Amino acid sequence: MKAVAVMNFLRCQRMYDDLPAPQQPFLEHTKELVKLVKECGVKNTFLLEYDAVVNKEYQELLRENQDDKTELGLWYEIVRQLTDKAGLPWRGEQEKNWDWHIVPGFSMAYTNEERERLLDIAMEDFKSAFGYYPKTLAAWQMDTHTLDYAYNKYGIEVAAICRDQVNCDAYTLVGGYFSGGYYPSKKNIFTPAQNSENQIDVPVLRLLGPDPVHNYDNDKYLKNYEWHNEPFTLEAGWPIAKDEDRVRWFFDTYYKNESLGFAFTQIGQENPFCRHDVIPTLKMHIDILKKEYSDVQFVKMSEAGELFKKHYDSTPATSVCALNDWDTGEKIQSVYYDCKNYVANLFRCGENIFLRAFYLFDENFEDHYLNTPCETWFAVNENLPLADTINREGNEGALIDNSGEEFTVEKTKNGVLKAAWQDKSVVFEEDTITFTKCGFAIDLKGAAPTVQVVDNDVIFEYKGKKYAVSANMKPEINEETLVFKPRCSKIKLTFKRF
């Protein structure tokens, strides 16, 4: 399955101090977006923030232009009109009706009873405006209780949250399922469930077209590109998304390279980016997809969820494979392998082939805000770290080889991805990772988990949760490096949760 969702989300609050009247520029830009998707004739989704849901001008515009190709859904950030109607105090800046901080702008800032009250009001007012409950619920951040409640009471078909990012805006999300979709744990929206009885049966997708090379470390590997302080995504407001060659690189990476069966992303932008010449950029994206990627179907966001549920009863293994780099050409490769048990990012740069990010998923690792409100302006979603190069003093992740050889990737059977170079390889399967004729060494400098070796197990403990990597050999800790020496032709890793 190869699909893309044209997804734009709509606010009518003032977002930047240097914009004129708080509402009119966003509304005029929304009219242009509506006109564009109609002219292009593609399925599309508009997600409305609550202030737009209850705004008469937005209601009239969207009702007048409603057709079977356009879906309306809910962009679920908390604005002052919503807290006022729920009888809750507004904890944002008093002169503003919208605030980008977690408190008060996102659902995890509230108690579970308040979360339900806020969502009920948003859903009922959406239905009052448009005649039905939305099937798509999305936000940069969302708590687990809200998602479970929205699914069980309102039957939403799909949810979406922000891509992985660190110390950006008011939230960090790290170690998540990179792209595609997953069924989250009932205890953690950010963690795929391992068992059907513990999963919320609504797919969660990641926003909005992250770059598998540069999204993780931002500008660390850039050599030629001049815009360093920006998200590396397909969002139409950013410079990277305005270059046709780079856009084709994105689409090749997602849709032509190996995906293991489910290739999906979104294109679009939030309407406050009306200053960033979004309309011609989004039209360019749509035109390229229509003309050059005919096997990619345009879908509404809810249809993406329906298709996902039709094909998968549990979280599938998927991959995103960038076999070259739009900035430096052939010198960098980045492959993400996701499944219900772990995420691993195989990376080649310079002489090294290594796992840049390696996280275990455990359905019993609770969302930090599962039953307790977030009381800070900043929130964190995370999974259980095994290796990474972004949150540690060490910078080598999990080193596999230093030959610098280019690798190839192939699907060897359902859910299995093999990366190979020379006579060496790494094979990713849902339950195991196998290294052939190469070692494996995790850089522990600055590692947050405590680590100990017991027989063939490496036992990690992070924020009160124990988990382990088990090998077919006894590993060693040399200074601040965990070493799996290739005493035999293959090193096979499996995972344990306690």
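Which residue stands opposite Phe428 in E23? Leu417 does. The model that shows this pair is predicted; local features need pLDDT of at least 70, side-chain atom pairs count only at pLDDT 80 or more, and totals for chains, interfaces and linings use all residues. Residues are numbered from 1 along each chain as its sequence is written, and side-chain values use heavy atoms, with hydrogens and water left out.

The names of the elements come first. Helices (H or I, at least four residues) and strands (E, at least two) are DSSP runs, numbered from the N terminus. Two strands count as paired if DSSP finds at least two bridges between them.

Strand E23 covers residues 424–428, and five of its five residues are buried, where buried means under 20% relative accessible area with a 1.4 Å probe, protein chains only. Lys424, Val426 and Phe428 point one way from the strand, while Ser425 and Val427 point the other way.

E23 has a partner in strand E22 (residues 416–421), joined to E23 in the antiparallel sense over five bridges. The hairpin of E22 and E23 has two residues between the strands, and in it Gln422 takes a positive phi near 50°. Strand E24 (residues 433–436) also runs antiparallel to E23, with four bridges between them. Ser425 stands opposite Thr436 in E24, and the hairpin of E23 and E24 has four residues between its strands.

These strands belong to an open sheet of eight strands, in the order E21-E22-E23-E24-E31-E28-E27-E26, with antiparallel pairing. Its edge strands, E21 (408–413) and E26 (450–454), each pair on one side only. From one strand to the next the twist averages 20°.

Two packed helices are described by the angle between their axes and the distance between the axes. Helix H6 (residues 112–130) and helix H7 (residues 144–154) pack at an angle of about 45°, with their axes 10 Å apart; axes are lines fitted to C-alpha atoms, for helices over the stretch in contact, and angles run from 0 to 180 degrees between N-to-C directions. That angle makes H6 oblique to H7, since angles under 35 degrees count as roughly parallel, over 145 as roughly antiparallel, 65 to 115 as roughly perpendicular and the rest as oblique. Residues of H6, including Leu119 and Met123, meet residues of H7, among them Tyr149 and Ala150, with contact meaning heavy atoms within 4.5 Å.

Terms used: Buried < 20%, exposed > 50% of the residue type's maximum accessible area, 1.4 Å probe, protein only.
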